Amino acid sequence: MANFSHSTRKNPDVTAARDWVSTLAKYREPNQWRSSFELGVSIIPFFALWTLSWMSLSLSYWLAFAISALNAAFLLRLFAIQHDCGHGAFFKNRAVSDWVGRAIGVLTLTPYDVWRRTHSTHHNSSGNLDKRGMGDVHTLTVAEYKAKTPMNRFWYRVYRHPITLFGFGPGYLFLFQNRLPLGLTSSFRFWVSAMGTNVVILAALLAVYYFGGLMPVLLIFLPSTLIAATAGVWLFYVQHQFEDTHWDPDKDWQLHEAALHGSSHYILPSVLQWFSANIGIHHVHHLYSRIPFYRLTEVLRDHDELANSNQMTIRESLANARLHLWDEQSRRLLSFAEARALYG
């Protein structure tokens, strides 16, 4: 598992974590041409592969499925661009960013305005034990888990099981949960976002069914959506769920400290880093979310402290799927077995 030494995690220290904001501000300006290029090289191949997969249905269902599975990588990248739009980091004009984000939200099955609000909540409360519940992976402390009834412990273990988190969970999240503005149902604006996105998605699927029947839905739409959703959920999980992550009660919580120490630096092969739009450089993103994804590598190039902080390899990240309980005493995430060995 990722085991960040305290000397690494505490360099820079708490004061420096806050000071990074002024240092990173110079990277926040997007380049209009670069942003347009990144959008183009993501969305054009996406539709081209959709078309190729559809044409392949007459030759081989397996070939159509394989192409749609490959296309999931471009769908994942489009979600990452939508993510930057939500932070106002992709285009200088906020209205342009928002409408690009809304359009991509139809492809990613994500109501843009709803997601932008919940994701903002995530950024403003990540690592805060007293403000869990929106835009994060539900995590209990050891004490909270012990205080629950046996049945509630069982359901928490079901929720945290990899089959749920990375098997059933992504499909449920993107196909069903995103259809309603859960947590924001009192606002008409978010109902418009959710229902408007649903209407366009339904119209697009009906058009696909009308012209191609059920197979394009089953062998193109669903595989690319579910594979991209699973990859996205995995990336979100490893960005904050690791042994030496950072949680504090509200009275001790500090935004920039939580951003720096509670977000990982996921080391990926260059091709995976490209398709995930540098989202693995997550500690920098949380420190300054207005930095466009294509400038995050500039930050690492210019600042060795950040380049060497919170590094996590793919092999290390796989072990994090067994960590489920935050131990406030040792300040680390534990597996159920470790918690039982320590506290009974």
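Me: Leaving aside its neighbours within four places in sequence, which residues is Pro45 in contact with?
Reply: The model shown here is a predicted one. Pro45 is found in helix α3, which covers residues 32–56. Contact means heavy atoms within 4.5 Å. Once neighbours within four places in sequence are left aside, the contacts of Pro45 are Gly40, Asn71 and Phe74.

Me: How many residues apart in sequence are Pro45 and Asn71, and how far apart are they in space?
Reply: Asn71 is among the residues in contact with Pro45. In sequence, Pro45 and Asn71 are 26 residues apart. In space, their C-alpha to C-alpha distance is 8.1 Å.

Me: Is the pair formed by the rings of Tyr145 and Tyr156 stacked, edge-to-face or tilted?
Reply: The structure holds 20 aromatic pairs. In the pair of Tyr145 and Tyr156, the ring centres are 6.1 Å apart and the planes are at 55°. Planes under 30 degrees apart count as stacked and those over 60 as edge-to-face.

Me: Which helices hold Tyr145 and Tyr156, and how many residues apart in sequence are the parts that the pair ties together?
Reply: Tyr145 lies in helix α7 (residues 142–147), and Tyr156 lies in helix α8 (residues 150–160). The pair therefore ties together parts whose separation in sequence is eleven residues.

Me: Is Tyr156 buried or exposed?
Reply: Buried means under 20% relative accessible area. Tyr156 has a relative accessibility of 5%, so Tyr156 counts as buried.

Me: What kind of pair do the rings of Phe154 and Trp155 form?
Reply: The ring centres of Phe154 and Trp155 are 5.2 Å apart, and their planes are at 65°. Planes over 60 degrees apart count as edge-to-face. The pair of Phe154 and Trp155 is therefore edge-to-face.

Me: Which residue lies over the face of Phe336, and at what distance from the ring centre?
Reply: Arg153 lies over the face of Tyr145, at 5.6 Å from the ring centre. Over the face of Phe336 lies Arg157, and its distance from the ring centre is 4.2 Å.

Me: About what area does the nonpolar surface patch with Met195 have?
Reply: Met195 is found in helix α10 (residues 188–212), and its relative accessible area of 33% makes it partly exposed. Leu180, Leu182, Phe188, Trp191 and Val192 make the patch together with Met195. The area of this nonpolar surface patch is about 570 Å².

Notes. Residues numbered from 1 in each chain as written. Predicted model: local features only at pLDDT ≥ 70, side-chain atom pairs only at ≥ 80, totals over all residues. Heavy atoms only, no water. Patch = residues over 30% accessible without salt bridge, like charges linked within 9 Å, V, L, I, M, F, W, Y side chains within 5 Å. Areas by Shrake-Rupley, 256 points an atom, 1.4 Å probe, with all protein chains shown as cover. Salt bridge = Lys/Arg side-chain N within 4 Å of Asp/Glu carboxyl O. Helix = DSSP H or I, 4+ residues; strand = E, 2+ residues; numbered from the N terminus. Buried < 20%, exposed > 50% of the residue type's maximum accessible area, 1.4 Å probe, protein only. Phe/Tyr/Trp six-rings, centres within 6.5 Å; stacked < 30°, edge-to-face > 60°. Lys NZ or Arg CZ within 6 Å of the ring centre and 35° of its normal.
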